[in-house]
Amino acid sequence: MAAFLLGAVLLIVQPQVVPSRPAINSKAETSSQSVQRELLKKTSQKNDFKENIHSNGSCQQLPHTIIIGVRKGGTRALLEMLSLHPDIAAAESEVHFFDWEDHYRNGLQWYINQMPFSYPHQITVEKTPAYFTSPKVPERVYNMNQSMRLLLILRDPSERVLSDYTQVFYNHMQKHKPYPSIEQFLIKDGELNVGYKAINRSLYYIHMQNWLKYFPLDHIHIVDGDKLIKDPFPEIEKVERFLKLSPQINASNFYFNKTKGFYCLRDSGRERCLHESKGRAHPQVDTWLLGKLHEYFHEPNKKFFELVGRTFDWHSFVAS
C-alpha cells in the first residue's frame, strides 16, 4: 500500500513536458535535445525570472517579434527603419540566443537581460539573421512563445550570395588578410560549387519549410528586401500592419542620398544613414557564372513561391 501511495505521489509531482507541435521520433534524445529539455525545465518556473524594472516604469522583457533573417537580406536596414516607430524597442546587437549553444544554455533570464528597457505598450524586437538558416532555431523559438510574430526579409538569392561574399571579403581586407576570389568559391571542377555555404543560405524554400513546421504562414511576414532598398516606405507600412502598430512612419522619414546611392532616414529633424559597410559594390562576376547561379536557383525559387503563396521579382533562368 505504501509503495502504491508513493508511486501516485511521484506521478502527481512529476513535471509534464509540453510537446512541440510536430511529432517527434521516439529515438534516443540527442545532446542538443537534452540541453533544450533542461532549458525548458530551468525557465518554466516563474521564480526563475527577475524583472529588471527601471524607475521610469520600463522593464526588460522577452521579445514580441524577432527578425530571423536572412543574412545579407537587409535585416539591419529593416530594424533601423522599424525603429522609427515610437512603439518599437529594439535590441542594439545580434543576440544569437537560439543558435549559439553557449548562449542558449544560459536560459531565458540571460536572454531577457540582453533586451532593451521598454514600456508596457511597446513591442520589443531582436534581430539575428542566422536564425533563419539554423535548423534548431524554429523549435526553440516555438517552445518559448508559440504566438511569436516573425519578420523575414529576403532578396534575390543570387544577389544575396554576392553580398555574402562581399561582407566576408571586406572583413578580411580590414584585417589585412588575403581572401580568395569569388570564382574560387563558386566554381569547383568546372561547375557551380553548390556546397558553398553562401549558396545554401539562399535556398529559401528549404529553410522556410523548417519554420513552417512550427509557425503558421500568417505569423511570418516576408519583407521584399529588393523593394525595401528601392522604395522603403510601402514595405514598412506592411510591417506596421503585420505588427498591428498604429501608422506612425511616413514617406517623409525617408530620403534618397545620392552620394551613398541608397535611402537614409529622417527622424525628428535628425538625419542618419546606415553604416558605411552597407551597400558595398559587389565583385564583378563573369556573365556565364551569373547565368549558372540564376539557373541553379530557378527551381528552388519556384518551390519557395509555391510554399509562401506569392512571387518575387528575382532573376529567373530562361532556357534557350
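Trainee: Is Cys264 buried or exposed?
Mentor: Cys264 counts as buried because its relative accessibility is 1%; buried means under 20% relative accessible area, exposed over 50%, and partly exposed in between (1.4 Å probe, protein chains only). Keep in mind that this is a predicted model, where local features need pLDDT of at least 70, side-chain atom pairs count only at pLDDT 80 or more, and totals for chains, interfaces and linings use all residues. Residues are numbered from 1 along each chain as its sequence is written, and side-chain values use heavy atoms, leaving out hydrogens and water.
Trainee: Which cysteine does Cys264 form a disulfide with?
Mentor: Cys273, with the sulfur atoms 1.9 Å apart; a disulfide here is a pair of cysteine sulfur atoms within 2.5 Å. The link is right-handed, with 100° about the S-S bond. Cys273 is partly exposed, at a relative accessible area of 29%.
Trainee: How many disulfides does the structure hold?
Mentor: It holds 1.
Trainee: New topic: where is Ser268?
Mentor: Ser268 is in the loop between strand E11 (262–267) and strand E12 (270–272); strands (E, at least two residues) are DSSP runs, numbered from the N terminus. Ser268 counts as exposed because its relative accessibility is 77%.
Trainee: What about Leu84, how far is Ser268 from that?
Mentor: They are 9.5 Å apart in space, C-alpha to C-alpha, and 184 residues apart in sequence.
Trainee: And how many residues of strand E6 are buried?
Mentor: In E6 (residues 149–154), 5 of the 6 residues are buried.

How values were computed: Helix = DSSP H or I, 4+ residues; strand = E, 2+ residues; numbered from the N terminus.
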